[in-house]
Amino acid sequence: MFYLVGLGLGDAKDITVKGLEIVRRAKRVYLEAYTSILTVGKEALEAYYGRKVILADREMVEQVSDELMADSDIEDIAFLVVGDPLGATTHTDLILRATEKGIPYHVIHNASIINAIGCCGLQLYNYGEVVSIVFWSDDWKPESFYDKILTNKKRGLHTLCLLDIKMKEQTIENLMKGRPVFEPPRFLSASLAAQQLLEIIRNRKEESSSALTADSICVAVARVGSQDQKIVAATLEEMSTTDMGTPLHSLRTHHKQGLLIQRELFPTEINQSSTRVGQAWAKMTLRNTKQK
């Protein structure tokens, strides 16, 4: 059986009991190491699981999946995924490949940022389409994510923005010359994502009620599920200079940041004393009232 096992968002102990049982009896155990990372490294997982863990990078998962699934018809093979196994299209593709080859598979679910974002106090059923904000470069500045945010806003829905992660990336020069030289890991921060959104706002100069402004409320979350998780609610302008913590670019840690763009809040969301969002919303409302 080929098992896709979710690890949750924190550390080695966030694996489910069922997942841990599978890991401990599996013939081989792989750790997918490029769509996300935990707060601990491979060594900590091996110590807790009592098993050797093989790192599976993008090339292995997307180009040599036959190696991953080898002997799955007669042995248990575990493929570990940070968060939930079905949180990325790459893992869905693995399931399709397994199906095509007649390989039996089973998914062991776990917490992901999609449901853990409830930690900021906003109700999960008020979210629209999840979007991804990518790193801009000098000659590539896509804006499609902004249009999806506006679509959600028109429908009265929050938007969860997943921020870009660059793992084992190559420069164009190294790629063209076939040199196996990789760039250091990079993690898009909430402040840089806010800066990119502000640039789009300034360039478009839209005045419709659904358009975002520098005063639009957003929420940044960092390292959700860990002991030092951080949640900050602010305007986009304020968020552009907010430090959510320096990302630790190694497989021993992770730096999960999400940016949440909001629609108007329900009273129950505003009144939650534990939510920074309601406080920020009340602050902005009071400021706008004074300006009028």
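1. Start with Val224. In this predicted model, Val224 sits in the loop that links β10 and β11. Its relative accessibility is 4%. Buried means under 20%, so Val224 counts as buried. The UniProt annotation "binding site", from an unreviewed entry, includes Val224.

2. That UniProt annotation also covers Leu9, Asp84, Gly87, Ser112, Ile113, Leu163 and His249. Take Asp84 next. Asp84 is found in the loop between β4 (77-81) and α5 (89-100). Is Asp84 buried or exposed? Asp84 has a relative accessible area of 12%, so this residue is buried.

3. Look at what surrounds Asp84. Leaving out residues up to four places away in sequence, Asp84 touches His109, Asn110, Ala111 and Ser112. Ser112 is also among the residues in the "binding site" annotation from UniProt. A polar atom of the Asp84 side chain lies 3.0 Å from the backbone nitrogen of Leu86.

4. Now the nonpolar cores. The largest has 28 residues. Ile133, Phe145, Tyr146 and Leu236 have the most contacts inside it. Elements giving two or more residues to this core are β6 (131-133), α7 (144-154), β7 (159-163), α9 (190-204), β10 (217-222), β11 (230-235) and α10 (236-239). Which element gives the most? α9 does, with seven residues.

5. Not counting residues up to four places away in sequence, Phe145 touches Val131, Ser132, Ile133, Trp136, Gln196, Leu197 and Ile200.

6. There is also a second, separate core, and this one has 20 residues. Its members include Leu68, Met69, Phe79 and Phe187.

Notes. Residues numbered from 1 in each chain as written. Predicted model: local features only at pLDDT ≥ 70, side-chain atom pairs only at ≥ 80, totals over all residues. Heavy atoms only, no water. Core = buried A, V, L, I, M, F, W, Y, C linked by side-chain atoms within 4.5 Å. Buried < 20%, exposed > 50% of the residue type's maximum accessible area, 1.4 Å probe, protein only. Helix = DSSP H or I, 4+ residues; strand = E, 2+ residues; numbered from the N terminus. Contact = heavy atoms within 4.5 Å. UniProt positions renumbered as here; feature names shortened; annotations may be inferred. Polar contact = N/O pair within 3.5 Å; in protein donor to acceptor, adjacent residues only side chain to side chain.
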